[in-house]
Every structure is written in C-alpha cells, then in structure tokens.
Amino acid sequence: MLDEVDKLGRNSYNGDPSSALLEVLDPEQNGAFRDHFLAVPFNLSQVLFIATANEMEGIPRPLRDRMEVIELTGYTVDDKVAIAARHLLPKQVALHGLSPGQLSLGEEELDHLISGYTREAGVRELERKLGALCRAIAANVSEAGEAASEAAAAAAAAAGGADEGAPSEGGGGSEAAAAAEAATAAAAPIALSVADIERVLGPPRFEPRRDVARRITKPGIALGLAATVFGGETLFVEVEQVAGKGAVQMTGNIKEVMQESVKAALTWIRANVAELGLAKTASEALLNTTDLHIHFPEGATPKDGPSAGVTITTALTSLLTGRLVRNDVAMTGEITLRGLVLPVGGIKEKVVAAHRAGVRTVLLPQANEKDLRELPQKVLDEMQFELVSDVREVIRAALVPADVTEAEAAGSASGDGSEPATDDGRQVPLSHPLPSVPTGVP
C-alpha cells in the first residue's frame, strides 16, 4: 500500500522518489528491481501495489501512466451520518471513558454537526468534532459525579453526627450509598441537542444551503451546481446591467475555463435574439449601450470548469427578457456556440447538493442520464430530472412563463401550499406544480 503518492517529493531536496517508482510499478522492469541502498535485486513482478491519492494533479504524468486509476467519490451527508452513528461516535465514547450508549446523537443533530462544522470529503474532521463533544460531556459527567459524591458524603456525615449511638457499620453503608449515587449520576444517559452542540463547538462555521427560494428574487439570478473535492455545492450566478458601452465584467474568483463559458453564453445570446423574443434593434441597443456585470458569490472560493455554461446562459437570458428563473430548479452542463448542452462530471455530488439545498428539480445534459444510476435511492425517489440536449430546452424549462408577473413569482417563495399550474404545465417557483419527468433509470 502506497498512501498519498500525490505528495511524493514535494518540497524535497534529496531526490524525487517518483523516479524510483517508475521502475517499481512497471511490470516490464520490476522483475529485477535493484535497490541502491542494499544493492540487491528484488523480484517485484508478483507484487500488487495499491496507491492512494487525494488529487491527481500532484502525480507526475509518467508515473500516472503506469497506474490504473479508480476514482472514488467522497461520502454524502447521509453516508457520514451512518458512519458517525455506527463507528465514530462509539469509538470516541470509549476513548473518553464514557460507558457504551451513554452519549447519543440523533440524525438531525449529526446532520447539523456535519453541515455546519465540517467541509471535507472524508470524516477526519467529523471525528475530531465528535471527540470535542465527548470531552465536554466527560468533563461534565466527572464534575456531576464528584458533586453528587460530595453531597451524599456530607449528608451521611450529618446523619452520623446526629446519631452518635449508631453502630459503625452505618457509616460504611452511608459511604456505599454515596458511591452508588455518584455512580448513577455519572452513568446517566445523555442525548445532545443542536443547542448543546453549538454551546460546545460555538456557532456553525458554514452556512447551510437551504435558502435558495429566498435568493432568487429578481431576473438575472440562476442556480447552478458544482463539484469540489469536498463534494457537491450549489453555485449562484448573478447578472446585473448598468449604463455603459457594452463592456462585460466578471467577478467572483473565476478561472479561465469559466470565463470562456461566459463568452460562449454571450455570443449565443447575441446570435439568437429573435428566438429569445427580443427585438434585434432593442437587444443590440441594450447590449451595446449597457455594461453587464456577471458575479459568482463567495469570492474567496476559486471556481473553474465548463459546467456553469447553462447557468450563465439562463441568468443572462433571464435578465434580458425580464423573466424570473424558477427558484426550485438547479442546472449543470457545458454549452457550445451552437447551443448544444454537453455532458459534465460530478453528477452524483451535484444532485445530492441540490437535494440538500431543498431543490427538487435538476436540469442535466442528456448524455449524463447514465450517471443517475449512481445516486442514492432516497435522492432518486424525491428528485425530478429533466434531460436536455439544447440550451433552448434549458431556457424553456428554467424560466417562469412570461404571463406570470415578477410580483406573483416573488410572492410564491413563501410556499403556502396553494399551487396552481400554468397552461403549459411548467412550474412557477414553489407555488406551481411540475409534471413528473421520467429519469430513465431502472
């Protein structure tokens, strides 16, 4: 087992171990591998090497060519909840001197702990947080036990002083009773609440992604999806126009590939103004006499990749047409200048992130239908998917119908349960039902 080979030779002045691994892992050469320290040949041809890495970028390309890469996705929140309940919490309870089953955390509390205090693909930080909770509880239990023991001993001493003629065995019985009471106080089961977690660990470090409907309140805002090393994330795209000369400004710590997606989206919109229901002269005047500002919130987080293409196009179209984007829809996909929607990666992580954010409809590239088989059954049962191959299909599915006013769509964010449907069957944000979309997953 070669653990974390992506860190080989990093900041090393004594040579690069990856050079030796080129020969070790090559089946054509490792039959007589000679170690330079022992100067003895070793036959490694029958050895199976299993290497692990967190990032592929840190592995030299020649070394990567000698490996068969198997990508393992990070745990979903449901996976982490199960791992914490079955393995991590009992382990930390035992390490901190608590009795088995003395400390318990429900699914809601574990979900709050994972979402609010950790941001990782694995469970290492989660185990640290559980350890911190166990230490706090162990300290409280110890203090409560000591206090109960002292109180019982004081009561026994007072009773013994009042009864001077009592036999000596009575004092021993009082001490035994005090010890029993202290042991009972120390072994009492404890169920932590969300308030208890915040009292020990402080306020949550990360904001839960469950305010989607509240953030899409005007044209020019769309919800995309992104895959990171920590799992999936929701990604808002905001577009605004100001007086100017047709310049385009992009902010939000976006890298080169995402900037190219913005340019492709703008070119497609300029070439298809008639299909979008915009007058050519009016749209040209609008695009040539105003500046567009495209912003990706959370600027401290670097963003890159082509999968935001459909989201950028939808946000721009929403701004130019004055139609809101449905606040119950998220999307992902790369676009071309012809308007084709190309497949992207990280579908499992992205859909799970949308599910946790309260979104129940996701627009996916048609070619990504096969990736739906990787989703947890719970997510499949509660989500609706619309598979698209052209950006026109994305716009038709994502934008609120033109006959619905902005005030009506914005007022529906409260979700009062009365949900009228539109004539064309599409769903207006939260208060209009969406027809079921077959996923094609057996």
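How many aromatic pairs does a search of the whole structure find? It finds zero, with Phe, Tyr and Trp rings (the six-membered one for Trp) counted as a pair if their centres lie within 6.5 Å. This is a predicted model, so to speak of local features takes pLDDT of at least 70 and side-chain atom pairs need 80 or more, while totals for chains, interfaces and linings use all residues. Numbering runs from 1 along each chain as its sequence is written, and side-chain values rest on heavy atoms, without hydrogens and water.

One ring does have a charge over it: Arg119 lies over the face of Phe206, 4.3 Å from the ring centre (the cut-offs are CZ of Arg or NZ of Lys within 6 Å of the centre and within 35 degrees of the ring normal).

Turning to the helices, helix 9 (residues 256–271) packs on helix 11 at about 45 degrees, with the axes 9 Å apart. The pair is therefore oblique, and the crossing is right-handed. Met258, Ser261, Val262, Ala265, Leu266, Trp268 and Ile269 of helix 9 make the contact with Gly309, Ile312, Thr313, Leu316, Thr317 and Leu320 of helix 11. By class, that contact has nine nonpolar, four polar and no charged residues.

Helix 11 (residues 309–321) also packs with helix 14 (residues 391–398), here at about 55 degrees and with axes 10 Å apart. Helix 11 passes helix 14 in a right-handed crossing too. Val310, Thr313, Thr314 and Thr317 meet Val391, Val394, Ile395 and Ala398, giving five nonpolar, three polar and no charged residues.

Definitions and conventions:
Phe/Tyr/Trp six-rings, centres within 6.5 Å; stacked < 30°, edge-to-face > 60°. Axes fitted to C-alpha atoms, helices over the stretch in contact; angles between N-to-C directions. Helix = DSSP H or I, 4+ residues; strand = E, 2+ residues; numbered from the N terminus. Left-handed = near helix turned anticlockwise from the far one by under 90°. Contact = heavy atoms within 4.5 Å. Nonpolar A, V, L, I, M, F, W, Y, C, P; charged D, E, K, R; others polar. Parallel < 35°, antiparallel > 145°, perpendicular 65-115°, else oblique.
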